[in-house]
Amino acid sequence: MTGPLRIGVIGCAGIAVRRMLPAFAACPDIEIAAVASRDPAKAGQVAERFGCRPVHGYAELLEQDDIQAVYVPLPAALHARWAEAALRSGRHVLAEKPLTTDHRRTAELLELAGGRGLVLMENVMFVHHHRHRAVGRLVADGAIGELRAFHAAFTIPPLPDGDIRYDPELGGGALADVGIYPLRAALHFLGDGLDVVGARLVRGTGRRVETSGAVLLGTAGTATAQLTFGMEHAYRSSYELWGSEGSITVDRAFTPPADHVPVIGLHRGGTAEEIRLAPHDQVAATVAAFAAAVRTGTPPDTGTVLRQAELLDEIRRSASRGEPDRTG
């Protein structure tokens, strides 16, 4: 590939307009070619703001000859259809999380991308923040001894009643929207060998989707992972790693602002140390990682993406075998 990667955007979702399009525009390795919407007026407004071409309709965007990659910020239930269409048209794809709502479809799309030499990347941005690499190095260097347990939580305040994340037909629900963060973090630190020990999903009053949940995971070794998530809660975004000789704590773990000073808490031998890092823009880092993957022909870690999709389905099955969801 010579010159910037020319990207088209399928849909004018809030995350696209607030975060991803500004990051694309700021990245020297990416050029925004077009943005599509079913509403031509909305496409025109967004395209004018970002200096690109408006397109009426998602299928029409895939007919544009100058687009090399596609970003899909649509509701989760629509990801598989449009990611597959983009791949079959020969375009690399960056899709919002979760990549699909079924692990079998995820596997099919990853196989399709690999067979065509295309990059298919799920937009889980926190894994590109340098703080988590620093935490990983501490664990690898034995700073807390042998890793025994991982606890993570991501909860957000209630959303407006009409938000798509409350719509089951669009793939809504707390597990796929916010639960995916602590789950991916558990995979990040404990590896793909995690299995579901138990799970509980709870549906809030008047809701058609689960609004909170908890999961217990285990490895073949001695480590366990406990995950808590919800979208009608006080805000929390954190994780802890407990080892045989100490622990590590991380706050504002999953969606820190670009100017946030990341802090790693290291606790061992009865002492506590704060390790402060330089601010890091995880949105910009994600966009750069996608462009680099396309440029080098190096696909992202597809094994973790697939195991995550499998675990999401296993969590749903485990929860359905337990007591019926309670409202409250």
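## About the model

This is a predicted model, in which local features need pLDDT of at least 70, side-chain atom pairs count only at pLDDT 80 or more, and totals for chains, interfaces and linings use all residues. Residues are numbered from 1 along each chain as its sequence is written, and side-chain values use heavy atoms, with hydrogens and water left out.

Helices (H or I, at least four residues) and strands (E, at least two) are DSSP runs, numbered from the N terminus.

## Helices α5 and α9

Let's start with a helix pair. The axes of helix α5 (residues 103-116) and helix α9 (residues 302-321) come within 8 Å and cross at roughly 165 degrees. Here axes are lines fitted to C-alpha atoms, for helices over the stretch in contact, and angles run from 0 to 180 degrees between N-to-C directions. That angle makes α5 roughly antiparallel to α9; angles under 35 degrees count as roughly parallel, over 145 as roughly antiparallel, 65 to 115 as roughly perpendicular and the rest as oblique. The crossing of α5 and α9 is left-handed, a term for a near helix turned anticlockwise from the far one by less than a right angle, with clockwise giving right-handed. On the α5 side the contact (heavy atoms within 4.5 Å) is made by H103, T106, A107 and L110, and on the α9 side by T302, V305, L306, A309, E310 and D313. By class, the residues of this contact are five nonpolar, three polar and two charged. For these classes, Ala, Val, Leu, Ile, Met, Phe, Trp, Tyr, Cys and Pro count as nonpolar, Asp, Glu, Lys and Arg as charged, and the others, Gly among them, as polar.

The end C-alpha atoms of α9 are 29 Å apart, which agrees with the 28 Å that its 20 residues should span at 1.5 Å a residue. The expected span of a helix is 1.5 Å times one less than its number of residues. Buried residues (under 20% relative accessible area, with exposed over 50% and partly exposed in between; 1.4 Å probe, protein chains only) of α9 are T304, V305, R307, Q308, A309, L311, L312, D313, I315, S318 and A319. They pack against α5, β6, α7 (174-190), β8 (195-202) and β9 (212-218).

The axes of α1 and helix α2 (residues 40-50) come within 11 Å and cross at roughly 40 degrees. The two helices are therefore oblique to each other, and their crossing is right-handed. From α1, V17, L21, P22 and A25 meet V46, R49 and F50 of α2. This contact has six nonpolar residues, no polar ones and one charged.

Helix α8 (residues 282-296) has 15 residues and reaches 20 Å from first C-alpha to last, close to the expected 21 Å. Buried in α8 are Q282, V283, A285, T286, V287, F290, A291, A293 and V294. Their cover includes β1 (5-10), α1 (14-26), β2 (30-37), β4 (69-72), β5 (92-96) and β6 (120-123).

## Backbone points to check

Most residues other than glycine have a negative phi, and most peptide bonds are trans. K97 and P98 are joined by a cis peptide bond, with omega about -10 degrees; P98 sits in the loop between β5 and α5. R252, in the loop between β12 (246-251) and β13 (263-268), has a positive phi near 50 degrees. Its relative accessible area is 35%, so R252 is partly exposed.

Not counting residues up to four places away in sequence, A143 touches L138, L266 and R268.

F189 is in helix α7 and, at 15% relative accessibility, is buried. The C-alpha atoms of F189 and G136 are 6.9 Å apart, although 53 residues separate the two along the chain. Leaving aside neighbours within four places in sequence, F189 is in contact with H132, V135, G136, L147, F150, Y239 and L241. C52, in the loop between α2 and β3 (53-56), also counts as buried at 15% relative accessibility. Not counting residues up to four places away in sequence, C52 touches I32, A33, A34, V35 and A47.
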